[in-house]
Amino acid sequence: MTIEELDQIAESVRTENAKFDHEINVCMGTGCLSQHSDKLRDALTQAVTDSGKRAMVRRTGCMGLCAAGPLVLVDPEETLYQHVKAENAEAVIGSLGGAPIASLQCDLREHFDQQVHVVLENSGQIDPEKIDDYIARDGYRALLTAVNDMTPNGVIHQITASGLRGRGGGGYPTGLKWGTVAKASGDMKYVICNGDEGDPGAFMDRSVLESDPQRVIEGMAIAAYAVGASKGYIYVRAEYPLAVARLTNALRDARRRGLLGNNIGNTSFNFDVEIRLGAGAFVCGEETALIASIEGKRGTPKPRPPYPAVSGLWGRPTLINNVETFANIAPIIRKGGKWFASMGSARSKGTKVFALTGKITNTGLVEVPMGITLREIIEVIGGGVPDGHTFKAVQTGGPSGGCLPAEMLDIGVSYDALVAVGSIMGSGGMIVMDDTSCMVNVARFFIEFCMTESCGKCIPCRAGTAQMHTLLTRICEGHGTLADLELLVELCATVKETSLCGLGQTAPNPVLSTLRYFKNEYIEHIVHKRCPAGVCNIAGAVEKVNAPAEVLA
């Protein structure tokens, strides 16, 4: 395959598409499929046949606004319809060329205008099961440019110049990691895509894999060329069957087109990828546990060093990045590192995909430039808190993140800014809570998650999270004491500082952040035996505690 051949395929797709007056794009991500968008597509296809109109019905990946699904985008009119059902198909096709159907039209300009799509630029625009659709939108041009016209060091230089940091949560500089693997000695190196997405409320990676699998594969291939690897693995949860099916299809098509396998781009570069299914253990998102799982061992972490960049899969130098990181690579190579670095904040470049969930109007995926404020994401793009309730907190970074109050809504979202206020970026989960949420109960929920997902290898994580859960339960049930609160704080520090891997090291974050910003709710439970939100059942625990003034302050 050459760039000239890519151009021929792209031209062929455009010529074929030009035969139609209208393109009907139907979201067939997991969210819309759960609302029977497959039946909707069949009905639209039949309606087109019956009408005799020159319209193409296309299956696409997630369009982002999951709360309004199933979504249908009609081009070239750029009309977006929401909550479309199969029985609306004839009306939708009948309206082509005329006025849109007002009752179905979704006009959330602020939701879309504030976003900048880099990772999601093809989502909702291409059929994720047709490689030619991807090629028609500059797919694999970056890979062939890299292997034909750039040195491996040149590729790493562009990634370094972009300022891209790992989107899996750690925020480690991607170019620095790639450079370390490239310099590591060894005749065999590996590239691993971490698709083990286990955060409650997070579905960014799943959507990218479902919507644009070729983009991830291309990013992995470019990385392999840069670091000198010839074999790759995509580690994805078995509970993502649609993502696995589309990845499997995408890998087969890439091999058929000569974009994976031997002599890629008519060069000596060889690279191929296999899928490995995870069983759903949260700890396998940690890279040494993930490597152990691929090797067929129990997924538990190892002390570092040595780091995987030096001794990873089967003891060989291994590059691990997550799905979103690899999805950023192709546009960086096509447009240059400076282009990517021109977006975002000083130390957090580019864009970030977030999964907005919880008590928010516009549930779904959004991609925004780094540095945008939490308020813009939640109140403008997310549409704010529904049903007349008021915003109480937003939890960022998944179960290892923190809960931030309304006073923090004006901070710019970046890796460093979130850490400074007691939270983390994580992989991009963002859960909004309103005045009906009890923050002590929220802290208990996340600690329970970490406790049950702990692999048990190290005592601080195994026993510490269990003890923290016991204390939080006592407080939620109205049996907690001020001494319990002091012990809880001590445990948080111990677990945070002595756990083996990131799971235990960050598990106390929800507790610490709720203590930092919502300590009054802990005091209400302990001293006044009352849950301000009315969530916790503390009936029977009526004996009040006389608290010293400094605790109540």
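The legends below describe close-up views of a predicted model.

Residues are numbered from 1 along each chain as its sequence is written, and side-chain values use heavy atoms, without hydrogens or water. Local features need pLDDT of at least 70 and side-chain atom pairs count only at pLDDT 80 or more, whereas totals for chains, interfaces and linings use all residues.

**View A. The aromatic pair of F445 and F446.** A search of the whole structure finds nine aromatic pairs, where rings of Phe, Tyr and Trp (its six-membered ring) pair if their centres lie within 6.5 Å, and planes under 30 degrees apart count as stacked, over 60 as edge-to-face and the rest as tilted. The rings of F445 and F446 have centres 5.0 Å apart and planes at 75°, so this pair is edge-to-face. F445 is partly exposed, at 43% relative accessible area, while F446 is buried, at 3% (buried means under 20%, exposed over 50% and partly exposed in between, with a 1.4 Å probe and protein chains only).

**View B. Y233 between rings and a charge.** Ring pairs link Y233 with Y190 and W314 into a cluster. K231 lies over the face of Y233, at 5.7 Å from the ring centre, a charge being over a ring if NZ of Lys or CZ of Arg is within 6 Å of the ring centre and within 35 degrees of the ring normal.

**View C. Strand 1 and its partners.** Strand 1 (residues 22-27) has six of its six residues buried; strands are DSSP runs (E, at least two residues), numbered from the N terminus. Strand 1 runs parallel to strand 2 (residues 55-60), joined by six bridges, and pairs in the antiparallel sense with strand 3 (residues 72-75) over four bridges, where pairing requires at least two DSSP bridges. I24 has V57 as its bridge partner in strand 2, and N25 stands opposite L73 in strand 3.
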